[in-house]
Amino acid sequence: MRIAVASGKGGTGKTTVATSLALSLAADGRGGASAPGPPLILDCDVEAPNAHLFLQPRFERVWEVGIPIPQVDEARCTACGRCAEVCAYNAMAVLGAKVLVFPELCHGCGSCTRACPEGAITEVVRPIGVLRQGTTMGGIDFGHGELTVGEPMAGPVIRQLKQQITPRPGQVVILDAPPGTSCPVVEAVRGADFLLLVTEPTPFGLHDLRLAVQVGRSLGIPMGVIINRDGIGDESLAHYCESEGMPVLMRIPFERAIARGFAQGQTLLETHPAYAPLFREMVLEIGRRIEETG
Amino acid sequence: MRIVVTTTTPDLDSPVDPRFGRGAFFVLVDADTMEWQAHPNPAAAASGGAGIRAAQFVAEHKADGVISGDFGPNAHQALTAAGIRMYLFGGSASARQAVERFKAGELETPGGSVGQGRRPRG
Amino acid sequence: MKQLVILSGKGGTGKTSLAAAFAHLASEGPCPVRLVLADADVDAPNLDLVLEPRRIEEHDFVGGSTAEIVCETCDACGVCADVCRFEAVCESDGRFEIDALACEGCGACFHECPAQAIRMQPQVAGRWYRSESRYGPLIHAALFPAHENSGKLVTLVKQQARLLTLDGGYAGLLVDGPPGIGCPVISAAAGADLALIVTEPTVAGIHDMERILKTTEHFRVPAQVCINKADLFPAGADQIRDACRRKGIAVAGCIPFDEIVTEAMVRGEPVTAFDLDAPSSRAMTEIWQRLTACLFERSAESMAARVDRNGGP
């Protein structure tokens, strides 16, 4: 089972929910089908990863990931311009007898390499980020990606994170998605069995939730909502969920104690251990909903 | 000497378009005879790397120099590689006036190399 | 003209609330500055929710292209699936289909298809708008959910805002930026005279502040920091002040946690317009005064000097 945690709006509590989910599953010692054991959590917010600050995994492996970019062998190049013609991103320019590559525009699609009639182009991987893999003291398997400062494209790092850090058979995967509603979020959430949308009962929260719901609908993934900081704002969010038939799977009331705990790097479960069985129940509920729609 | 000027309409007497990569038109001028021809900028609608595409266009037309309001770092790199000189012209005067000021040696070139890392212009 | 961009690294630190307050203060405060406003968070644009804008024009945004297989011509050879590096070609029952959400529009399949059965279709990926708000013109946009090319739409918003600022003789451009550090943020920060990093005194907020500060440094955009919800965790606020001191970054101010901020949002108003005397409003007003002194008054002084030297405008 793969559960993605997303939101649309930043700062609603995705990481709070994702880490709480992971901890509550890891703490369940009952065993058997109803208790899947410690999950794999993948922090897909590669621009600003935070989950490791709360779960404090011990990292065992760190490796670079990158994009394959063209390298032109000037001896074989005839400056025919075919590479620049096929490039959809203007990442190659042929100016006189010179071929220029603009690495930050390159998406690594390989079209230029295949198109070159002289076979003058080879691909070299340009590093754009790192992946780290480890485990926490509670046995949670952890993976995250970190985009190198100055690099524009998060997508390839997220894609490779999901391809290269994989779950054991039967292990629950929790995907902590980045904020927003565009390509990086889609990359993080694709392939999930359920999309958990974390929101807050404010106008910004509701506005961005509607957008996140559209992402889920585009991807055809069943969804549910968690209302974080319940009690602030107004009732519009609750009305929206009711009229859209959007299940509210949990409400976390606003409490300064939770906010203060988060500020210091404490997870929700450390501040309020009573939430653990609630999260476990929610995972079972999610499992039931996946079966219903599947 | 062949000079290209970015303009807002396809006319030598059109105001100079301040953007190189996304300027609406390129006017090619023979600086000695002041004969000219206008072309729409093929890069104007490019979703990315417009400066590069525009630089290619200018290189294909064998320009010796380009006059515009602003050159982004990719355009700068491409034009430099092609050996095409860049000249800066601010303000709203016409392309014709810009070429005249170029001939009088009054136009500045963009300072130095654009340096490490991308420095996008916004 | 001067450009101020509001960034954060971490989402939810209060960028938009602050941008709206600045827009209000610039327009109706004691030392007015004529500004163009731009919402560069095209994924989840929120600034218009508190500025009551009236839409003047709207346009399609074409991001890139998406590949489409022409079924009648396709002979299901599967070459497209072999060359696609973005997992965008799906096969079921021997038939091939492009997953439009995964497709990055590179054209690899289009170029390699032996039957030439693939078309590249330009995609309208969003809309951009020019509106008139209570506090000045607003350029904003909305990327259609699940689409790509966020960064390009941000670049478009910035270009339009910049042209409007120059053509309309405005003193400056205020940009409400997106979270993160990638392409949309880089585009939002391009050409800015100052980036105001809004952070919160939390472990996560501080971590992400470091990342966005490295990013503004990489792109040589000068930055200052302001600490929002500063009293939530005073030790965290101290940590931020120490980090800024070490890096030589000015702290423009601190804003206390204040429930008024949400109340104002619910009412669809900037905090400072809703209650100018609230603690958060007073803090924001101080920060705005400091920023205007930095950005605008200095240039006004240098303009005056230039006028004197030439004996006329």
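Me: How many residues does the contact take from chain A and from chain B?
Reply: The contact takes 14 residues from chain A and 15 residues from chain B. Two residues count as being in contact if their C-beta atoms, placed from the backbone, lie within 7 Å.

Me: Which strands of chain A each supply at least two residues of the side that touches chain B?
Reply: Those are β4 (92-95) and β5 (98-101) of chain A. The largest share comes from β4(A), with three residues. Both are DSSP runs numbered from the N terminus (strands are E, at least two residues; helices are H or I, at least four).

Me: What makes up the side of chain A that touches chain B, by class?
Reply: Nine nonpolar, three polar and two charged residues. Ala, Val, Leu, Ile, Met, Phe, Trp, Tyr, Cys and Pro count as nonpolar, Asp, Glu, Lys and Arg as charged, and the others, Gly among them, as polar.

Me: What kind of model is this, and how are its parts counted?
Reply: This is a predicted model: local features need pLDDT of at least 70 and side-chain atom pairs pLDDT 80 or more, while totals for chains, interfaces and linings use all residues. Residues are numbered from 1 along each chain as its sequence is written, and chains are lettered from A and ligands numbered from 1 in the order in which they are written.

Me: What ipTM and pTM does the predictor give the complex?
Reply: The complex gets an ipTM of 0.91 and a pTM of 0.89.

Me: How many residues of chain C are in contact with chain A?
Reply: 50 residues of chain C are in contact with 51 residues of chain A. On the chain C side, α3 (108-112), α4 (150-167), α5 (183-189), α6 and α8 (260-267) each bring at least two residues. Out of these, α6(C) gives the most, eight residues. By class, this side of chain C has 20 nonpolar, 21 polar and nine charged residues.

Me: Why are α6(C) and α7(C) called roughly parallel?
Reply: The axes of α6 (residues 203-218) and α7 (residues 234-247) of chain C come within 11 Å and cross at roughly 20°. Angles run from 0 to 180 degrees between N-to-C directions, with axes fitted to C-alpha atoms, for helices over the stretch in contact. Under 35 degrees is roughly parallel, over 145 roughly antiparallel, 65 to 115 roughly perpendicular and the rest oblique. So α6(C) and α7(C) are roughly parallel to each other.

Me: Which residues make the contact of α6(C) and α7(C)?
Reply: Ile206(C), Met209(C) and Leu213(C) come from α6(C), and Gly236(C), Gln239(C), Ile240(C) and Lys247(C) from α7(C). That gives four nonpolar, two polar and one charged.

Me: Why do α1(B) and α2(B) get their label, roughly parallel?
Reply: In chain B, the axes of α1 (residues 50-60) and α2 (residues 73-81) come within 7 Å and cross at roughly 25°. Therefore α1(B) and α2(B) are roughly parallel. Gly51(B), Ile52(B), Ala54(B) and Ala55(B) of α1(B) meet Asn74(B), Ala75(B), Ala78(B) and Leu79(B) of α2(B). The tally here is six nonpolar, two polar and no charged residues.

Me: And why are α1(A) and α11(A) called roughly perpendicular?
Reply: The axes of α1 (residues 14-26) and α11 (residues 275-293) of chain A come within 8 Å and cross at roughly 95°. So α1(A) and α11(A) are roughly perpendicular to each other. Ser20(A), Leu21(A), Ser24(A) and Leu25(A) of α1(A) contact Tyr275(A), Ala276(A), Phe279(A), Arg280(A) and Val283(A) of α11(A). They divide into six nonpolar, two polar and one charged.

Me: Where does pLDDT stay under 50 in chain C?
Reply: Over residues 300-313 of chain C, for which the model has two contacts beyond four places in sequence. pLDDT is the predictor's confidence in each residue, from 0 to 100. Chain C as a whole averages 92, and 95% of its residues score at least 70.

Me: Where does pLDDT stay under 50 in chain B?
Reply: Over residues 112-122 of chain B, for which the model has 25 contacts beyond four places in sequence. The mean pLDDT of chain B is 85, with 90% of its residues at 70 or more.
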